Amino acid sequence: MTERPLPLALRPLDAIGRWAIAGVEALGRFGTFLGQALGTILTPPFKFWAFVDRIHYIGYRSLLIILLTGGFTGMVLGLQVYFTLVRFGSEAYLGPAVALSLIRELGPVLAALMVTGRAGSALTAEIGIMRITEQIDALTVMALSPIRYLVAPSILAGLVTFPLMTALFDAVGIFGGYLVGVELLGLSQGTYFGEMQSFVDLSDIMTGFWKSLSFGVIVTWVCTYKGFTVGHGAEGVAKATTDAVVLSSVLILVWDYFMGTVLP
Amino acid sequence: MIKVERLVKAFGRQQVLRGLDLDVATGSITVVIGRSGGGKSVLLRHLIGLLRPDAGRVLVDGADVTRLHGRALDEVRRRYGVVFQGGALFDSMTCAGNVAFPLREKLRLRAAEVATRVEAALTQVGLEGMGSKYPAEVSGGMRKRVAIARALVTEPEIVFFDEPTTGLDPILVNTIHHLILELHRKLRFTAVMVSHEIPEIFEIADTVAMLHEGRIAEVGPPAVIQASPNPVVRQFIRGEPERAEGA
């Protein structure tokens, strides 16, 4: 039986409907993928060495970029915030201003963006190449779960490395602010660190921690999913890598806003 | 015994398999031949459960792999060995690591036994002492042999070969074919091979099936296929060019 063609006036609605269904299906697959990965994390066997390898891949290899960006972010903050505070005669609060900006907001977000650019893109490309060269199919036909070997260790490693990378970013950033505020602009060392101790409390640190933890899941989830669902050939891998970085970055910023409204 | 019944598969509007039937006898080497892009690899991916058909069944000793999921499908796959077209070797592992992987992860053998079996498997395919090389450091022919060693090291009952000699020179093609034949005589697995290496495959096949326009056009022993009066089969095995319309 052949379908009757739709009247011309209804065709745009038909197109919107198809687009919406495809979108909802894609979202469903995206969510199911995370569900499968989390289910795999919670059930043995645990692939310890794959997990250690992913920590090295995501964390250790991102160290240099985290140290560099953290240091310079702190220095820029130190410089800009100092000149703003001087106008109000409040330069003594430079330490807390730099520390709170970094610990609550800039540290988790910028560290996550940097790790996405460095390790997330590489993760997508690596899994994407494994997909197009049938290495993932090889795992499947060996009756072994590719999710267990490739995705679960990456998500777990994201949970461990993102908070650590963020802590490092914060520490180096605070030191960068110190270099500019104290060593360059002449603020006293005691004022910089003393006021910081008075203003920064555990809830600020926990805010940054929860954010970095959730960014760890978001980035590894998006990047492994994009690698798994890669298109054909080198072009497909290139597109998946770009999509992974763009989507991760957007989700980091959107999720950061929501976390900011929920967390104290 | 593998039995394919009325297998249908389309990708969008492109109808690839149109009600394909095929029987593979236990312990035999069955080679599926046919033109490039004709659906041979698609058929193979249905047999190993990587694709689901639009209609039809694939029965492996009575179990329909097109309906199985999860652990039940894995149980069937544990009996499989697969040699992919490009080898599909894990490029982050050495050749020995690749061969050891299914022993360690699938059979969960102890390290000492894994090492012994890996060495034996590499020797069997003529790659003794090459285990420490990475796939990127060895030639295409060696990669194919490592892939064969990895597929056979667990001594599977059924082995699928997806164009195992593509891109190799004629000497290597024969070397790989004779290696497969020798291993088949030794291990007595059921083999399903997709190939378009004519006439070399006639030397190793027990049964040859010609796939044409989504169906098996002809199936039988190599001698029957070679003497077939079917014009499609004759054109393919003689490599005759297509005639232009109206010529």
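Analyst: Two residues are in contact if their C-beta atoms, placed from the backbone, lie within 7 Å. In chain A, among contacts between residues at least 6 apart in sequence, 87% join residues at least 24 apart. This is a predicted model: local features need pLDDT of at least 70, side-chain atom pairs count only at pLDDT 80 or more, and totals for chains, interfaces and linings use all residues. Residues are numbered from 1 along each chain as its sequence is written, and chains are lettered from A and ligands numbered from 1 in the order in which they are written.

User: Why are α4(A) and α9(A) called roughly antiparallel?

Analyst: Axes are lines fitted to C-alpha atoms, for helices over the stretch in contact, and angles between N-to-C directions run from 0 to 180 degrees. Helix α4 (residues 94-132) and helix α9 (residues 233-262) of chain A pack at about 150°, with axes 9 Å apart. Angles under 35 degrees count as roughly parallel, over 145 as roughly antiparallel, 65 to 115 as roughly perpendicular, and the rest as oblique. The pair α4(A) and α9(A) is therefore roughly antiparallel.

User: What makes β6 and β10 of chain B edge strands?

Analyst: Two strands pair if DSSP finds at least two bridges between them. The open, mixed sheet of chain B has six strands, in the order β6-β7-β8-β3-β9-β10. β6 and β10 (215-220) of chain B each have a single partner strand, so one side of each lacks a neighbour in the sheet. The twist from one strand to the next averages 15°.

User: How do you know that β7(B) and β8(B) pair?

Analyst: Five bridges join β7 (residues 158-162) to β8 (residues 190-194) of chain B, and the two run parallel. Val159(B) has Ala191(B) as its bridge partner in β8(B). Helix α5 (residues 140-152) of chain B packs on the sheet against β6 and β7, its direction at about 170° to that of β6(B).

User: Why is Glu203(B) called exposed?

Analyst: A residue is buried with 20 or more other C-beta atoms within 10 Å of its own, exposed with 12 or fewer, and partly exposed in between, with C-beta atoms placed from the backbone. Glu203(B) has 12, so it counts as exposed. Glu203(B) sits in the loop between β8 and β9 of chain B.

User: What makes α3(B) mostly covered?

Analyst: Eight of the 11 residues of α3(B) are buried. Phe101(B) and Leu103(B) are among them. These buried residues pack against α4 (111-124) and α5 of chain B.

User: How many residues does each chain give to the contact between A and B?

Analyst: Chain B gives 14 residues and chain A gives 10. On chain B, α2 (70-77), β6 (80-83) and α3 (95-105) are the elements that supply two or more. The chain B side divides into eight nonpolar, one polar and five charged residues.

Note on methods
Helices (H or I, at least four residues) and strands (E, at least two) are DSSP runs, numbered from the N terminus. Ala, Val, Leu, Ile, Met, Phe, Trp, Tyr, Cys and Pro count as nonpolar, Asp, Glu, Lys and Arg as charged, and the others, Gly among them, as polar.
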